[in-house]
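Please open the model in your viewer and keep the selection tool at hand. The stops below say what to select next and what is there.

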Amino acid sequence: METQQNIHDMIANQAPLESVLETLANWVGDLLPGSVVAFMSFDSEQQTLSLLPNSRFSSRYSERLQNVPVGLDQASFGAAAARRQVVITADIQADPCWRAWSEEATTEGLKACWSSPLITSQGELLGTFETYYRGYMPANETSQKRLRQAAALVTLAFLRDRDTHQHRTLAEWHRSLFDNHPDGVYEFDLKGRFQQGNAALEQITGYPVDEMIGRHFDDFIATDYRELTQAAFDAARSGESRQYETIGIHASGRTYPLEVINFPVTVDGEIVGVYGICHDITRRKRREADLRLLQRGIEASPVGMVMVDAIQTERPIVYANDAFCHLTGYSHDQVLGRNCRFLQGERTDPAAVETIRKALQANTEVQVTLLNYRQDGSTFWNRLTVSPVTDERGQCTHFIGTQEDITQHRDQEAQIAYQATHDLLTGLPNRASLDARLEREYRKSLKRQSPLTVMYLDLDGFKTVNDGLGHPVGNRMLVAVAERLRQYVAAGDMLARVGGDEFIFLLPHLPHHDAAAEAAKNILEAFESPFDIDGKMLHISTSIGLACRGADTRRAQELLQYADLAMEGAKRQGRNTWQWYQGGGNESTGEYVLMRHDIQMALREGQFELFYQPVVEATTGRIRSVEALIRWHHPLHGMISPGVFIPVAEQTGQIIDIGRWVLREACQTLADSQARGDRVVPVAVNISSLQFHRDGFLDEVKRVLDETGLPPNLLELEMTESILLQNAEKVIDLVTALRAMGISIAIDDFGTGFSSLSYLRDLPIHKIKLDRAFIEDILTSSHNAAIVEGTITMAHHMALTVVAEGIEQSTQQKDLCQRRCDYLQGFFFARPMPWKELQRLPDTLP
């Protein structure tokens, strides 16, 4: 399961496909001993399979298995692809489908082959997955199940590799469109200040883009043209697109003519900036067209080009190049003599048409983007540039039009914008969209003094579905949940997916609390019906937290935090329920929210520090080990006790990140000291229950030891008895694995939890630590003394060492020595201190 999770992580982190497949091959080798793993990709155009390169087969066999046709007589892999089902060949020589391949298999030393098709949830064939064997090998139910399990992972790897490539391609298209555009492309804020620009803009203006950013466009426009330029910018800022000519001031001081297009940038219906496209039209202003030379040029152009008679009233087309005919679907005979209006249709923007008409009347160049129609009725976005052609007397005799299909560019821009604001699995708005909408609705709510409600949903038991039935099933479950929740989105509401199994409703129009409570009840009822996932009827519930803007709400994001807290409260109530966040004067909850934020900042800004307290030999006082203890230096509140922030971290799950930091910091400190030749003793690190039971904990410990270089025998992990209450069998396996690495294990606060002698028998621990609650009254309480002495005696009979914590008096030390306690720890010997101070202590403490 750990290796399988590692493979899922590699896929999720977009590791190279070759690395993922190699890891998969090793994993399958463990699942199906004796197997030789192969992966074949499917070419849908040629309907062939090809073996992916690997070192497990000879070059001759790999070359032979290239471009193999899909068919029932093409070995197990060809038959599996053709049938779209698993094909088991226990004996290659006896299987008719291997007749054409038996000699190749014999030469390779292959006797059996199990093949599974790799098919997506949409029924698309991606390839096949094989396990070969060098002996006769029938398949039982377990091996077939493992084969299907592995095939599902391979399919996921193939899909993720393809999706990653497509997404990267789309992003590069968008970046190239901006960076490599031949015209100057730039962006203004709503005050007319440059925000960014491309290389072409630098070439046009002579200014580096860095010098233009933050400056107003008036700084680069001739004085007499600033009013014209400002008017066009204001129109774009109001939602219009404007194309105009103006005069720019070059960095050298000279003036030059510019043609500019300004249009608004709209996000979620709100104009947030203005785009500009410009180019220097100096050459065009000076140019006189030679009709024959122009014709030769446009004949060779890949861009659709036409020439129009400017003298005749109807302005008929007198020339069209092949690229134009290919773009529009019309032949030359169907084009010549007609006005270009035949490309227009009911969805063509009249404003763009009017812009062209006015430019033709004024004999000026114009560039517009408009929707045109092909002969078959399909549409395309046409970036059209129309330029006048004058004769020797300066009279306009023709217009030349260049037409470029930019449909794909516009679609890609729209798709990239969609992916930036939506969850790709469910199609719901993502966290970025939710945050932006929440800010807007919060401002409206404050202005109108109207309610604003947030409903936070977290699915109950989704991890069981995801881990038990696989991520593909889990993903389909999330899609089904999203579809069901969409039915409860009213006009003006918003539903977003913000995490793995977390959904949020933004409800700006609910009139009162009762309406929100009723909505929550309806959603809980919606989950009472099972979800049909691939024919399996699966039940799942949800816990809901509600929060409404109140007088004590200072920021929009607090609503999300409060709803999250209320949801956690619903979880603690037993799940499948809803709960309001009770704000308005709940100071402790407010402090909880602030501390949760401060803990995150402390982790990010390095405010935590480790102190170390010695553990000494009871009879001699010699330092035998140290315990790492976290301290928090808050920039405003000074030193904060772990007793204050650790419970909060455990409730919020931040204890996992804190535990990781403590483990790495302690190991790195000890490893550095050892490398310098300083005195070192084993270090004990406390492990929380959440951290211990989290998937990948064992790998995490291994990784820290590998990266820091600390020998495992210098690390001791302390855990409380509460860890044993969850899945004792798994705990025993995990502790056994840690001990096998050479790491020592101690039970901390022994006797204060749900103690069970069975785990002392079954767990390979080496030490127990008596809680200070038994030590502080050992001299006055006969009961405590009996418990301590009994525990020490029992531990010694089980070959365990005992540490007594909280030693503050010499009488306690003497008493515990008489009771043959092995080690002692407490203020009597030394308080917790930074590592440098610890290094200055003598080897033996009084």
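Which residue in strand 16 does V389 stand opposite? Select the two strands here, and V389 is found opposite H398 in strand 16. This is a predicted model, in which local features need pLDDT of at least 70 and side-chain atom pairs count only at pLDDT 80 or more, while totals for chains, interfaces and linings use all residues. Residues are numbered from 1 along each chain as its sequence is written, and side-chain values use heavy atoms, with hydrogens and water left out.

Now follow the chain from strand 14. Strand 14 and strand 15 (residues 379-390) pair in the antiparallel sense over eight bridges, and V368 stands opposite L384 in strand 15. These two strands form a hairpin with five residues between them, and G377 in the turn has a positive phi of about 90°. Strand 15 is in turn joined to strand 16 by nine bridges, again antiparallel; this hairpin also has five residues between its strands, with G394 in the turn at a positive phi of about 85°.

**Two packed helices**

Move to helix 16 (residues 431-448) and helix 20 (residues 556-572), which pack at an angle of about 115° with their axes 8 Å apart. To see the contact (heavy atoms within 4.5 Å), show R431, L434, D435, L438, E439 and Y442 in helix 16, which meet A556, Q557, L559 and L560 in helix 20.

**The nonpolar cores**

The largest nonpolar core has 76 residues, and those with the most contacts inside it are F692, L715 and L717. A nonpolar core is a set of buried Ala, Val, Leu, Ile, Met, Phe, Trp, Tyr and Cys residues joined through side-chain atoms within 4.5 Å, where buried means under 20% relative accessible area, exposed over 50% and partly exposed in between, with a 1.4 Å probe and protein chains only. Centre on F692, which touches I687, F697, M719, I723, V731, L734, V735 and L738, not counting residues up to four places away in sequence. Apart from this core lies another, of 32 residues, among them A482, L510, I533 and C548.

Finally, select G638, which has its place in strand 26 (residues 638-640) and, at 28% relative accessibility, counts as partly exposed. Leaving aside neighbours within four places in sequence, G638 is in contact with W632 and H633. A distance drawn from G638 to Q449, C-alpha to C-alpha, spans 39 Å, for residues 189 apart in sequence.

Definitions and conventions:
Two strands pair if DSSP finds at least two bridges between them. Helices (H or I, at least four residues) and strands (E, at least two) are DSSP runs, numbered from the N terminus. Axes are lines fitted to C-alpha atoms, for helices over the stretch in contact, and angles run from 0 to 180 degrees between N-to-C directions.
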